[in-house]
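Welcome! Please take a moment to look over the sequence and the model shown here, and then read on for a short tour.

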Amino acid sequence: MVTKVPSRIRRLLATGATGALVVAGTAAPSAQAADDGGKKVLTVAVSQSVDSLSPFLASKLVSTSIHRLAYEYLTNYDVKDAHTVPGLATEWKSSPDKLTWTYTIRKNSKWSDGRQATAEDAAWTFNKMMTDENAATANGSFTSNFKKVSATDPGTLVIELKKPQATMTALDVPIVPKHIWEEVGDFSKFNNDKKFPIVGNGPFVITGFKVDQYVRLKPNKDFWRGAPKFDELVFKYYKDGDAAVAALQKGEVSFVQGLTPAQAASLRSAPDIKVNDAPGRRFLALAANPGARSRDGKTFGNGNPALLDPAVRKALFHSVDRKAIVDKVYQGHAVAGEGYIPPRFEDYFWKPSDGQRIAYDPARAAALLDGAGYRKSGAGKRLGKDGKPLSFRILCHATEPNDKAIGKYLQEWWGALGIGLKVDCLDNVSDPWAAGEYDLAFDGYSVNPDPDYVLSIHTCPALPATPKDTGQTDNFICDKQFDALYAQQIVEYDAAKRVDLVKQMESRLYDTGYMNVMAYPNAVEAYRTDQIKAIKTMPEAAGNIYGQDGYWSWWSAEPADGGGSGSGSSTGVIIGVGAAVVVAAGLAGIFALRRRSTAEDRE
């Protein structure tokens, strides 16, 4: 899904900045993932458009997933249980006061143009984010506390902090080659989509891209962990999910993600296809516009002012039947929503207390509205304080069938309260979202093992500097109590104490009533076993393949022998050398949710 969901780092890309086509002579790849003239191509069908090939701007899950393949981070997450493992850095240590961190940079990492990757590249990446607000668009929260970053020698990176920071072994920032990126002028307009191949040091090299069609990658033969085994990896964009499933059934693609229950059921009995249904790392929430504003105090957008009334928001949420959403929309392939962080991340998973929980209770919802002065007219319409019928708009992702299905239920449930609802299903929800031109929205993010990022997007500093600027904010929330807790958790190195602070933040976010989690969808995906012999899931036990916190799935993918019918090998069997990915995902102009919304991600 894509609901900022969907990084919803709201941004407006410069006109024309996303339409570039790439490599001369790069035709749209054949959709075959099997043996193509001796070339093994792994084709991944995706439903999300790329927002940017610049790691400084990208926030959508498809984009950040591609960057994990193309660039190394200082550290990575282990495929088995997501604990920190070496990436570009082989080891790290902190000073006793936790204010200075020293990273040893590996000597066997090269950029794909042959140059050595060094600490100078990492220092330049972080310093650029610290000194150029546009370069901090996607991941600025990680460096906002940095005081000084330097490379004392090619193999040593030193980061000095203003105050302790608990995320220093989980800096989810792609390190870029200084000698390439120092030539870039305006980082707000540079989408890294004009010159190919793109120089990186990850397991894959981006070789081609065409808007709303594909992203192509080839194996990095010099990758220090070993080259992927497929000859090419393609992320191919499908606006229609049924078309992607049909392509999988015909063998035109190797893998499909984001399956509906009906699609998954139809594929379970299909030959040479394996369905993977695992707990997801995403949440799906209802986001209410709290009044779009910027850090300079100016307001903008056209959100319905009635939603500023806590009684209205609470009444709406009391009229959401989460069990019905799980049972009827997801048909059991999800868990009913509670707190902000999904139950997959057990340590940080929080549930509201019985007295705090906004449970499904239509009678209570009606009573709240009556008590707050929102009476019904003779025609049964709930009237606002201005005497006009109360009606809202909700942003819906046109490519997300679950958004549409839930929207119909909300129209029914809220209609019983006398409240109207217009479901605006758009190809691009990012423009109106960034402009604050919405009342409610289907929101979602893919949560990382360390939850700092998805917490930071609800802080006041994440708001745009001015109405015309870009901000990392997800939903324009700015709450001093939440921010105070955020400031405490980021400096807390005691794991148990930090977990407690994060749960307090989730509780506060729940009580403000602007974010209400409806469900935690499963990762429901499928692949052809006659094309993919083995592939890693994350976590290895009951994990997902698409949208991992790392490059494990596509790097580990092993081609099936001869392209015949597969043996149905279970996922997570191999950690060998992975697949060369040609990612076909389109850039549709402007997008937000890092992350993944579906915001879907936004990652």
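Is the crossing of α7 and α9 left-handed or right-handed?

## Two helices that cross

Keep in mind that this is a predicted model. In it, the crossing of α7 and α9 turns out to be right-handed. To find the pair, look for helix α7 at residues 322–329 and helix α9 at residues 401–415. Their axes lie 11 Å apart, and the two helices pack at an angle of about 140 degrees. Angles over 145 degrees would count as roughly antiparallel, so α7 and α9 are classed as oblique to each other.

Which residues in α7 meet α9? They are Ala324, Ile325, Lys328 and Val329, and on the α9 side they meet Asn402, Ala405, Ile406, Tyr409 and Trp413.

## A six-stranded sheet

Now turn to the strands. Six of them form an open sheet with mixed pairing, and their order is β15-β19-β14-β18-β16-β17. At the edges stand β15 (334–336) and β17 (420–426); each has a single partner strand, so one side of each is left without a neighbour in the sheet. On average, neighbouring strands of the sheet are turned by 30 degrees against each other, direction ignored.

What is the bridge partner of leucine 284 in β19? It is alanine 519.

Note on methods. Residues are numbered from 1 along each chain as its sequence is written. This is a predicted model: local features need pLDDT of at least 70, side-chain atom pairs count only at pLDDT 80 or more; totals for chains, interfaces and linings use all residues. Side-chain values use heavy atoms; hydrogens and water are left out. Two strands pair if DSSP finds at least two bridges between them. Helices (H or I, at least four residues) and strands (E, at least two) are DSSP runs, numbered from the N terminus. Axes are lines fitted to C-alpha atoms, for helices over the stretch in contact, and angles run from 0 to 180 degrees between N-to-C directions. Angles under 35 degrees count as roughly parallel, over 145 as roughly antiparallel, 65 to 115 as roughly perpendicular and the rest as oblique. A crossing is left-handed if the near helix is turned anticlockwise from the far one by less than a right angle, and right-handed if clockwise. Contact means heavy atoms within 4.5 Å.
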